Amino acid sequence: MRENTARSVVLPVAPTRGRLRPLGLDEVRITGGFWARRREINATATLGHCRDWMARVGWIGNFRAAAEGRIERDRRGREFADSDVYKLLEAMAWEAAGHGADSALDTQIAELTESIAPAQEPDGYLNTAFGRPGQQPRYSDLEWGHELYCYGHLIQAGVAQARARGEGELTKIARRAADHVCATFGPDGIEGVCGHPEIEPALVELARLTGEQRYLDQAALFVDRRGHRTLADTEFGRAYYQDDLPVREATVLRGHAVRALYLAAGAVDVAVETGDDALLAAVVRQWEATVARRTYLTGGMGSHHRDESFGDDFVLPPDRAYSETCAGVASVMLSWRLLLATGEPRFADLAERTLFNVVAASPSEDGRAFFYANTLHRRRRGTVPATDVDSPRAESSLRAPWFAVSCCPTNVARTLAQLPAYLATADDDGVQLHQYADAEIATSLAGGHGVALRVRTDYPAGGAVTVRIDRSPDRPWTLSLRVPGWARGAAAWLVEPDGTRRSVPVGTATVARRFRPGDEVRLELPVAPRWIGADPRIDAVRGTVAVQRGPLVYCAESVDLPDGHEADAVRVDPSAPPEDGPDAEGTVIVAGELAGHAENSDAPWPYAPLDRPATSPPHADGPAEIVLVPYRSWASRGPSTMRVWLPTAEPDPPAAPS
């Protein structure tokens, strides 16, 4: 791996080594399009919404209650509620990086920090659920207590403040907590790990920020301790919190999806900083197996509701997809780290799919309601959740304003706040674009030579991405653009500054030349809608197909069907290609039919010999044009039924793409 010497200041992830150097929030600015709108709503609505709800339900007040000795009586929320306050602070810090000093966000960060600071003990311990009169002792429940998990989010918030504004009080609180962790769980301390990984990537990032080796050593120690059965067994087994196998021996991600992905992200960070190529290779193998056998079409991960976990290989039922929003966030975190370490575009492919179809699906259009779980098939119309109380159920049938466990809203908020940092990287040879949005990019190449680019696109609605060179050194360098994996089997084209137009394969398209200001490079991606088939080993979707347009997965929703029809009535004809709809909302039209009611639907037993069917098949209402909408937008128009995988009107769906 190469050393990353040229540094951006405002980086959520700042490896000192790796194939690519990330560009920070001070180098990349999203200026328009889909992600600019989402980020504006995040800044103007979601951050305040999360702060107001945490004040309402008492999670912010827990810190004052702890400092004032009334925590036993007055504490509110689950044992990990502290972490959501920290995630909100992290989101605010990254968002503040794009505003002038002394912004309203800085004031809000200072106010929240003033609430937190008095609760920290002299030795650095900070948690409102343990360690005080009437509570369980410190670290008495490593399996479920989430103390180290909460520190992880506190540390990440402290790092965000330091990089966005310079070291402030929040950063100092985080460093004291990290010092306490090193003293308590170091080589001569408690030989344990947290039931919920998260502190591992946080400690590595703090080591990168401060240059303090002990933080990296502690993160490496936590990674190496995992899998040696130091945690108690559970009804879900030790795989639930990845304590069944050492990280280096595991071949696939398993157990609780968020925990597994956070641990893998931390392991990549440790591997990169310590030069441990074997550890990095182990995580790559796990990622490959998980993507090949345990990931939904949307990029979602986790098919078990009971334990929020990965299922076995190819167990991906759409109607039971848990696909937690936090798992989507964690998947993006992992893919980004693997991209930086290896430079391989396949990691950016999964990040794109997950961002558009999981992360973007969670918040409502106004940024004040959220999906926690992301099913791919809704059989019954949901009920509108109350707006004045938190939802007790993660499996909300419609987006809810808040949950009893509200890890997802704050995770979405911090992801959108730092999103520009996922767009581009640099190396000694040039600049690489990984995600496409209207953006302005300014950085320095090797030798301090400045480069400035402007990206213009309406992607993913359109497939054209134009990159204009505004500043360039007087020497050759390379501009690289990702050609997404979803374009396989269709033609993608690259137009160079001299007008040369050439076909480019999936992977990376490059232009190496002595650029001049005003030069333009144009990438043309084939975003026309396409039928998608599934591996036949995914039993739950045999006999069905799906539609994808560019990176966007589509679905049928009952609000677009004639009165009285639900999404389960849809039958499609995959022999006719899907077509773009006539409107500007990104709809797709497919040919098919709408099934009526089955005869003998009240049969007393739903099984019968093949020569005597238990029920007659439903009759069809005749040919129909069926409107599909982007999955990320479903349930935005009120209660509805929905499905991504659509039964075919013919027996054999097209084969899965190679």
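## The open sheet

In this predicted model, seven strands make up an open sheet, ordered β2-β6-β7-β8-β13-β10-β11, with antiparallel pairing. Strands are DSSP runs of E of at least two residues, helices are DSSP runs of H or I of at least four residues, and both are numbered from the N terminus. Two strands count as paired if DSSP finds at least two bridges between them. At the edges lie β2 (28-32) and β11 (501-504), each of which pairs on one side only. From one strand to the next the twist averages 20°; axes are lines fitted to C-alpha atoms, for helices over the stretch in contact, and angles run from 0 to 180 degrees between N-to-C directions.

Residues are numbered from 1 along each chain as its sequence is written. Local features need pLDDT of at least 70 and side-chain atom pairs count only at pLDDT 80 or more, while totals for chains, interfaces and linings use all residues, and side-chain values use heavy atoms, with hydrogens and water left out.

## Strand pairs

Ile30 has Ala439 of β6 as its bridge partner. Strand β6 is also joined to β7 (residues 450-457) by six bridges, again antiparallel, and Glu440 is partnered by Arg454 in β7. The hairpin of β6 and β7 has five residues between the strands, and there Gly447 adopts a positive phi near 85°.

Strand β10 (residues 492-495) pairs with β11 through four bridges in the antiparallel sense. Opposite Ala492 stands Val504 of β11.

## Helix α4

Helix α4 (residues 81-96) has 16 residues, which at 1.5 Å a residue should span 22 Å; its end C-alpha atoms are 23 Å apart, which agrees. The expected span is 1.5 Å times one less than the number of residues. Because 16 of the 16 residues of α4 are buried, the helix is largely enclosed by the rest of the structure. Buried means under 20% relative accessible area, exposed over 50%, and partly exposed in between (1.4 Å probe, protein chains only).

## Helix α8

The twelve residues of helix α8 (residues 199-210) should span 16 Å at 1.5 Å a residue, and the end C-alpha atoms are 16 Å apart, in agreement. Ten of the twelve residues are buried, so α8 is largely enclosed by the rest of the structure. The buried residues include Ile199, Leu203, Leu206 and Arg208. Their cover includes α6 (147-165), α7 (169-185), α9 (213-225), α10 (257-274) and α12 (325-342), where contact means heavy atoms within 4.5 Å.
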